[in-house]
Amino acid sequence: RDVLARRRVRHEARRSFNSAVPDTPPVTTTLFPETMAPPEAPLKVAKPEVGQFDPPKRLLCGPGPGNAHPRVHAAMALPQVGHMDAAFLQCAEELKSLLRYAWQTENPFTIPVSGTGSAAWEAAVANLTSPGDKHLVLVNGYFGNRHCDMASRYGATIVKLEKPWGEVYTPEEVDAACKEHEPDAIWVAHAETSTGACQPMAELGDIARKHGALLVADTVTSIGGVPVFVDEWGIDACYAGGQKCLSCPPGIAPLTLGDRALEKMSARAEKGERVKNWYLDMNMIKAYLVTNDFGTPRVYHHTAPISMAFAFREALKILAEEGLEASWLRHRETAEFFWDELANVGLECHVPHEHRLPSLTTVKIPKNVDGAKVVTHLREKFQIEIAGGLGELNGKVWRIGMMGYNSRKENALLVSSALRDALKAQGYYN
């Protein structure tokens, strides 16, 4: 009885207090200078009524983003510091060293770009493209066409070397195209996220140098999950994303520029060419993020995404703790297991085995199966996200990622079992 009595007293006290406090206290305009005072009349735009945001908990097995590692989420909750604080600059330096390990490069200019992978991509294009430069673009998927669009906006002349989506290029094909067109830059997707194909890279750097071209590589879906050797392959400019095999939420992306790329940047500056993107001008970013390697003082450029940098550092630290070779092996073993399970379900992969990405698989949609309904079935019944195809492969394939933290056999088995259930619901096995 005493407990109930105390509860009633507390309840009455709260009710009395709440009734005495207005929902919206009146604005005391005398606190404001005349030029900043709010109007006497009510605000024209009423405050919206929104509840607590509670996103669904899904297994993200599409082409990205994947689920972030729990330690990465925890790192995002660390106390913030200023973007010029010594603690943050130390974090940035450690992040850069971890990126060099992930890419296997000694490039001093290896940085996190404030933005998604597309920002790092555009940074490479904006800083390395002079008006009239010729870009040889290896278009064997959706993202080759995106580079054509992006580079053309910076004044590049585009030459497409096209192949069916899902196929890869031979060194002889690239060499012949260079002889014919004499490009200033060659763009290639090491990992084509739209097709699931992995481009052999070993000879492309030598071909680029022989023809006086820069080699620019997209490693968004390969870094951390597939062997990447920036220095050994002679890649001059390389970018990636953090939200795939590195298991970091999207919002920060790596970029590395080699000596030949930096020479191109310097030559443009000496001619008076200004980078046509202030935010992504790497000459300015260099004074902020690459000072320890180049001997210049820190110069403020923009407010870096502090919490995202903490998260990205943790993601790369997790990769380093596992070890690159172990991560590559885990992704491969999971992929081989997944491909076997897909065959057991009665499904076929789009890309031949020898050029198939272990991090992302394109699965052919069988005839008489509604691919969009399968995507919906997995999302609504099992809280699993996969995606359909892009561009030429729209309606023809599903794109399924086993990347980073999600690259585990239990996830592969779960997704393949869910696919079987979705196909059975459409009468595929009748």
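# Reading a predicted fold, feature by feature

Tutor: Let's start at Gln 383, which sits in the loop between H14 and strand E12 (384-385). Please keep in mind that this is a predicted model.

Student: Happy to start there. What is the phi of Gln 383 near?

Tutor: The general idea comes before the case: most residues other than glycine have a negative phi, and most peptide bonds are trans. Here, Gln 383 has a phi near 60°, a positive value in a residue other than glycine. With a relative accessibility of 28%, Gln 383 counts as partly exposed.

Student: Let's turn to helices. At what angle do H14 and H15 pack?

Tutor: Helix H14 (residues 371-382) and helix H15 (residues 409-425) pack at about 120°, and their axes are 9 Å apart. Roughly perpendicular covers 65 to 115 degrees and roughly antiparallel starts over 145, so H14 and H15 are oblique to each other. The crossing of H14 past H15 is right-handed.

Student: Which residues make the contact?

Tutor: H14 contributes Val 374, His 377, Leu 378, Lys 381 and Phe 382, while H15 contributes Ala 418, Leu 419, Asp 421, Ala 422 and Ala 425. Sorted by class, this contact of H14 with H15 holds seven nonpolar, one polar and two charged residues.

Student: I'd like to follow one residue through the fold. What does Val 345 touch?

Tutor: Leaving out residues up to four places away in sequence, Val 345 touches Ser 416, Arg 420, Leu 423, Tyr 428 and Tyr 429. Val 345 itself is in helix H13 (residues 324-345). The C-alpha atoms of Val 345 and Ser 416 are separated by 7.0 Å, although the two residues are 71 residues apart along the chain. Val 345 has 3% relative accessibility and therefore counts as buried.

Student: Now the aromatic rings. How many aromatic pairs are counted?

Tutor: A pair of aromatic rings is described by the distance of the centres and the angle of the planes. The count here comes to seven aromatic pairs. One of them, Trp 121 with Trp 187, is stacked, at 5.8 Å centre to centre and 10° between the planes. Because Trp 121 lies in helix H4 (residues 117-128) and Trp 187 in strand E5 (residues 185-189), the pair ties together parts that are 66 residues apart in sequence. Trp 121 is buried at 3% relative accessibility, and Trp 187 is buried with a relative accessible area of 1%.

Student: What about Phe 229 and Trp 328: how are the planes of that pair arranged?

Tutor: Phe 229 and Trp 328 are edge-to-face, with 5.6 Å centre to centre and 70° between the planes. Phe 229 lies in the loop between strand E8 (214-218) and helix H8 (230-233) and Trp 328 in helix H13, so this pair ties together parts 99 residues apart in sequence. Phe 229 counts as partly exposed at 23% relative accessibility, whereas Trp 328 is buried at 14%.

Student: Which residues do ring pairs link into a cluster?

Tutor: The cluster consists of Trp 121, Tyr 142, Phe 143, Trp 187 and Tyr 239.

Definitions and conventions: Residues numbered from 1 in each chain as written. Predicted model: local features only at pLDDT ≥ 70, side-chain atom pairs only at ≥ 80, totals over all residues. Heavy atoms only, no water. Axes fitted to C-alpha atoms, helices over the stretch in contact; angles between N-to-C directions. Helix = DSSP H or I, 4+ residues; strand = E, 2+ residues; numbered from the N terminus. Parallel < 35°, antiparallel > 145°, perpendicular 65-115°, else oblique. Left-handed = near helix turned anticlockwise from the far one by under 90°. Contact = heavy atoms within 4.5 Å. Nonpolar A, V, L, I, M, F, W, Y, C, P; charged D, E, K, R; others polar. Buried < 20%, exposed > 50% of the residue type's maximum accessible area, 1.4 Å probe, protein only. Phe/Tyr/Trp six-rings, centres within 6.5 Å; stacked < 30°, edge-to-face > 60°.
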